[in-house]
Amino acid sequence: MTAHVARSALALFAVLALTSCGREVPLRIGPLGLVMGLSQMEVRVWTDAACPLGVQAAADPATLNRVAVDRFYAGTTGASSVGAVPAGAHAVSVLARGPDCAVILYGCTPNVDFATAAAVNVTWAMVPPGLACEAGLTCDSGACTSAPGADAATTGDAG
Amino acid sequence: MQRYRLALAPLVMALLWSSAVEAQGGDALAQAEAAADAGDFERATELLTAVTRDPRRLSPDIARAYTLLGVVQATLGADAAASTAFEWALALDPGMPTPPELGPTQRDMLDQLRRTRRAHPLAITVDAPADASVDDAVVLHASADGAPEGRSLRVEITTWPDDDESAAISANGAGSASVAIPAGAWPAAREIHVRVDATAESGGPALVHREESVRRRGAGGGGGGSVFEEAWFWVVVGVVVAGAVTAAVVVTQLPQGATLGRPELIP
């Protein structure tokens with residue numbers, strides 16, 4: 001009888017734990033009509049609720065200490081989720097590059113509270129040409145890498 | 001008609017047989033009275049003594065037999081034996097009428113016995129716990145008081161678990177008896193029944209009896225029921241519930257994390 005009560009309490013605790021963590025929040029990016037010739041997409045969840053000051057800051061490796069989750073996708077669709085996000089309010093940015101690594105599209109949604117958000121919607125826009133891989137990085141098949149031939153798959157997603 | 005006679009034959013035979021049985025037992029009292037009336041006091045004493053030792057007899061019969069025995073002994077001048085018989089009769093029937101056959105001296109003796117008997121009625125005392133754990137040995141002790149002067153009662157104590165009457169154990173002794181139930185015995189029993197009978201020293205039917213019961217704590221088998229009466233159970237329930245509530249509060253107070261899903265392009 002005691003074991004039964006203990007098992008019930010454990011089950012209750014497990015249900016509470018499961019319902020309070022691991023909730024998946026959909027990431028919706030648009031408009032779809034702007035997608036043309038994209039070869040890489042970078043999704044970043046920032047530690048702050050505020051978006052980086054401009055696309056250049058969003059693409060700058062020097063700002064990576066402000067990134068909580070950094071996810072690369074080859075192409076414009078992801079086969080897997082971006083990943084676990086720490087509690088609190090964050091900014092979510094999406095940056096897409098062309099085959100020459102030039103940034104074509106960029107969007108950022110600030111102040112996303114993952115405790116309550118039903119979904120994250122990021123609206124991106126065309127970026128004036130000129131911004132490619134940052135200093136120290138080279139373009140390899142549309143992905144900015146730290147060394148020629150580096151395998152983007154180690155940090156990205158094939159999907 | 002012949003058929004009806006055949007059908008009634010067993011009934012008639014049964015009635016005859018029961019009458020014969022009644023005459024054989026009841027009438028030992030009637031036969032004793034007849035013998036006493038006829039002056040055959042030896043025969044009357046023999047018959048009445050047999051009645052007092054017959055375990056099938058009920059208390060009123062025994063009380064009546066002792067009364068008659070007292071009268072017979074008083075008539076014979078055996079005052080000590082008469083006194084003992086009257087004492088037994090009073091023990092069983094404190095309100096017994098004074099037999100008209102007694103002379104003034106014997107009436108005084110009976111009145112004195114009646115007063116004494118009122119102060120010391122026939123009684124059984126049982127020393128048993130109201131409840132006991134399955135893990136504890138239980139000792140049951142019973143004693144009987146109120147026997148006529150110079151006599152004692154034989155006490156028989158019998159105990160058995162409520163789930164198995166065939167497992168009964170008993171003990172007897174002069175004036176008192178004890179039974180010990182070892183720790184761990186009858187683990188499934190939720191109650192232990194105790195019956196105590198007191199008979200005359202020479203045997204015979206129970207002159208007085210008493211029944212008690214001992215509730216078992218921690219009795220297993222069959223689930224539900226007794227465990228809810230255990231303090232430790234509610235302590236465990238309290239601790240578990242408090243723990244669960246605390247965990248729930250802590251979990252709900254924690255910052256709520258989430259997983260950002262896979263990118264999905266929308267129009």
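This is a predicted model: local features need pLDDT of at least 70, side-chain atom pairs count only at pLDDT 80 or more; totals for chains, interfaces and linings use all residues.
**Figure 1. Secondary structure and burial in chain A.** Chain A contains two helices and eleven strands. Read from the N terminus, its elements follow the order α-β-β-α-β-β-β-β-β-β-β-β-β. Chain A has 159 residues, of which 30% count as buried. When contacts between residues at least 6 apart in sequence are considered, 63% of those in chain A link residues at least 24 apart.

**Figure 2. Secondary structure and burial in chain B.** Seven helices and nine strands make up the secondary structure of chain B. Of the 267 residues in chain B, 29% are buried. Among its contacts between residues at least 6 apart in sequence, 57% connect residues at least 24 apart.

**Figure 3. Helix α5 of chain B and its surroundings.** Helix α5(B) spans residues 79–92 and has 14 residues. From the first C-alpha to the last, α5(B) reaches 20 Å, close to the 20 Å expected at 1.5 Å a residue. The helix is mostly covered, with eleven of its 14 residues buried. The buried residues are B:A82, B:S83, B:T84, B:A85, B:F86, B:E87, B:W88, B:A89, B:L90, B:A91 and B:L92. Within chain B, they pack against the helices α4 (59–75) and α6 (104–119). They also pack against the strands β7 (191–200) and β8 (203–217) of chain B.

**Figure 4. Helix α3 of chain B and the elements that cover it.** Helix α3(B) comprises residues 41–52. With twelve residues, α3(B) reaches 16 Å between its first and last C-alpha atoms, close to the 16 Å expected at 1.5 Å a residue. Buried in this helix are B:A44, B:T45, B:L47, B:L48, B:V51 and B:T52. The cover over these buried residues includes α2, α4, β7 and β8 of chain B.

**Figure 5. Packing of α3 against α4 in chain B.** Two packed helices are described by the angle between their axes and the distance between the axes. For α3(B) and α4(B), the angle is about 155° and the axes lie 9 Å apart. Because an angle over 145 degrees counts as roughly antiparallel, α3(B) and α4(B) are roughly antiparallel to each other. Their crossing is left-handed. On the α3(B) side, the contact involves B:F41, B:A44, B:T45, B:L48, B:T49, B:V51 and B:T52. These residues meet B:D61, B:I62, B:A65, B:Y66, B:L68, B:L69, B:V72 and B:T75 in α4(B). By class, the contact of α3(B) with α4(B) has ten nonpolar, four polar and one charged residues.

**Figure 6. Packing of α2 against α4 in chain B.** Helices α2(B) and α4(B) pack at an angle of about 10°, and their axes are 11 Å apart. Because angles under 35 degrees count as roughly parallel, α2(B) and α4(B) are roughly parallel to each other. In α2(B), the residues B:L29, B:A32, B:E33 and B:A36 take part in the contact. They meet B:D61, B:R64, B:A65, B:L68 and B:V72 in α4(B). The contact of α2(B) with α4(B) has six nonpolar, no polar and three charged residues.

**Figure 7. Residue B:D27 in helix α2 of chain B.** B:D27 lies in α2(B), the helix formed by residues 27–37. B:D27 counts as partly exposed because it has 13 C-beta neighbours inside 10 Å, whereas a buried residue needs 20 or more. The C-alpha atoms of B:D27 and B:L47 are separated by 9.7 Å, and these two residues are 20 residues apart along the chain.

Figure 8. The peptide bond that runs from A:G30 to A:P31 is cis, and its omega is near 5°. A:P31 is located in the loop between β1 (23–30) and β2 (40–46) of chain A.

Figure 9. A:N111 is not a glycine, yet its phi is positive, at about 55°. This residue is found in strand β6 of chain A, which spans residues 103–113. A:N111 counts as partly exposed because 13 C-beta neighbours lie inside 10 Å. B:W186, also a residue other than glycine, has a positive phi near 50°. B:W186 is in the loop between β6 (176–181) and β7 of chain B. B:W186 is buried because 21 other C-beta atoms lie within 10 Å.

Key
Residues are numbered from 1 along each chain as its sequence is written. Chains are lettered from A and ligands numbered from 1 in the order in which they are written. Helices (H or I, at least four residues) and strands (E, at least two) are DSSP runs, numbered from the N terminus. The expected span of a helix is 1.5 Å times one less than its number of residues. A residue is buried if 20 or more other C-beta atoms lie within 10 Å of its own, exposed if 12 or fewer, and partly exposed in between; C-beta atoms are placed from the backbone. Two residues are in contact if their C-beta atoms, placed from the backbone, lie within 7 Å. Axes are lines fitted to C-alpha atoms, for helices over the stretch in contact, and angles run from 0 to 180 degrees between N-to-C directions. Angles under 35 degrees count as roughly parallel, over 145 as roughly antiparallel, 65 to 115 as roughly perpendicular and the rest as oblique. A crossing is left-handed if the near helix is turned anticlockwise from the far one by less than a right angle, and right-handed if clockwise. Ala, Val, Leu, Ile, Met, Phe, Trp, Tyr, Cys and Pro count as nonpolar, Asp, Glu, Lys and Arg as charged, and the others, Gly among them, as polar.
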